[in-house]
Amino acid sequence: QVQLVESGGGLVQAGGSLRLSCAASGRDFRIYALAWYRQAPGKQRELVARITSGGSTNYADPVKGRFTISRDNAENMVYLQMNSLKPEDTAVYYCNALVFILIYGVRDYWGQGTQVTVSS
């Protein structure tokens, strides 16, 4: 199994920045894609950004130009740098990993979520 632990959420004023981190741990696994999702109250969970093992990235339109996803393959870490934050970015942010484990095959794993609140 794989565990994902997020950190870095908090309260920030509009226009400010936050950096989210997610650490993956486990045994005998290989991470394919890593992603950040978010879920605001009363809304469905939505993709924010994704990065493949090769470093290709894609972003949701609302965050393009403001957020940057990156990963450290050696440390099994993924980051989300969030700049120019807006109140509508307020949500619980979840780390997601598409992982291959020999005895399980390819599986999707989720972190527990970290709250990001942007005040106006």
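A pocket is here an open set of grid points, on a 1 Å grid over the protein atoms alone, with protein on both sides within 12 Å along at least five of seven lines. In this predicted model, the largest pocket has a volume of about 180 Å³. Its lining comprises 13 residues, of which Arg38, Ala40, Lys43, Glu46 and Glu88 are the closest to the centre. Classified by side chain, the lining contains seven charged, three polar and three nonpolar residues.

Two of these lining residues, Arg38 and Glu46, also pair with each other. The structure holds four salt bridges. In the one between Arg38 and Glu46, the closest N and O atoms are 2.8 Å apart. Arg38 counts as buried, because its relative accessibility of 7% falls under the 20% limit. Glu46, at 35% relative accessibility, is partly exposed. Arg38 forms a further salt bridge with Asp89, where the closest N and O atoms are separated by 2.9 Å. Arg38 belongs to strand β4 (residues 29–39) and Asp89 to the loop between β8 and β9, so this pair ties together parts of the chain that lie 51 residues apart in sequence. Arg38 and Asp89 are both buried. Through shared partners, salt bridges join Arg38, Glu46, Arg66 and Asp89 into one network.

Another salt bridge links Lys64 to Asp61, with a distance of 3.0 Å between the closest N and O atoms. Asp61 is exposed, since its relative accessible area is 62% and the limit for this class is over 50%.

Positive phi values occur at two residues other than glycine, Asn76 and Ser84. Asn76 has a phi of about 55° and is placed in the loop between β7 (67–72) and β8 (77–82). With a relative accessibility of 25%, Asn76 is partly exposed. For Ser84, phi is near 50°. Ser84 is located in the loop between β8 and β9, the loop that also holds Asp89. The relative accessibility of Ser84 is 40%, which places this residue in the partly exposed class.

On the surface, Leu102, Ile103 and Tyr104 form a nonpolar patch, and together they have about 370 Å² of accessible area. Leu102 lies in the loop between β9 (91–101) and β10 (105–110). This residue is exposed, because its relative accessible area of 70% is over the 50% cut-off.

Note on methods:
Residues are numbered from 1 along each chain as its sequence is written. This is a predicted model: local features need pLDDT of at least 70, side-chain atom pairs count only at pLDDT 80 or more; totals for chains, interfaces and linings use all residues. Side-chain values use heavy atoms; hydrogens and water are left out. Patches are made of residues with over 30% relative accessible area and no salt bridge: like charges are joined within 9 Å, nonpolar side chains (Val, Leu, Ile, Met, Phe, Trp, Tyr) within 5 Å. Accessible areas come from the Shrake-Rupley method with a 1.4 Å probe; for residues, only the protein chains shown count as cover. A salt bridge is a side-chain nitrogen of Lys or Arg within 4 Å of a carboxyl oxygen of Asp or Glu. Helices (H or I, at least four residues) and strands (E, at least two) are DSSP runs, numbered from the N terminus. Buried means under 20% relative accessible area, exposed over 50%, partly exposed in between (1.4 Å probe, protein chains only). On a 1 Å grid over the protein atoms alone, a cavity is a set of points where a 1.4 Å probe fits but cannot get out, and a pocket is an open set with protein on both sides within 12 Å along at least five of seven lines; lining residues have an atom within 4 Å of a point. Grid points are joined across faces, edges and corners, and a volume is the space filled by probe spheres set on the points. Ala, Val, Leu, Ile, Met, Phe, Trp, Tyr, Cys and Pro count as nonpolar, Asp, Glu, Lys and Arg as charged, and the others, Gly among them, as polar.
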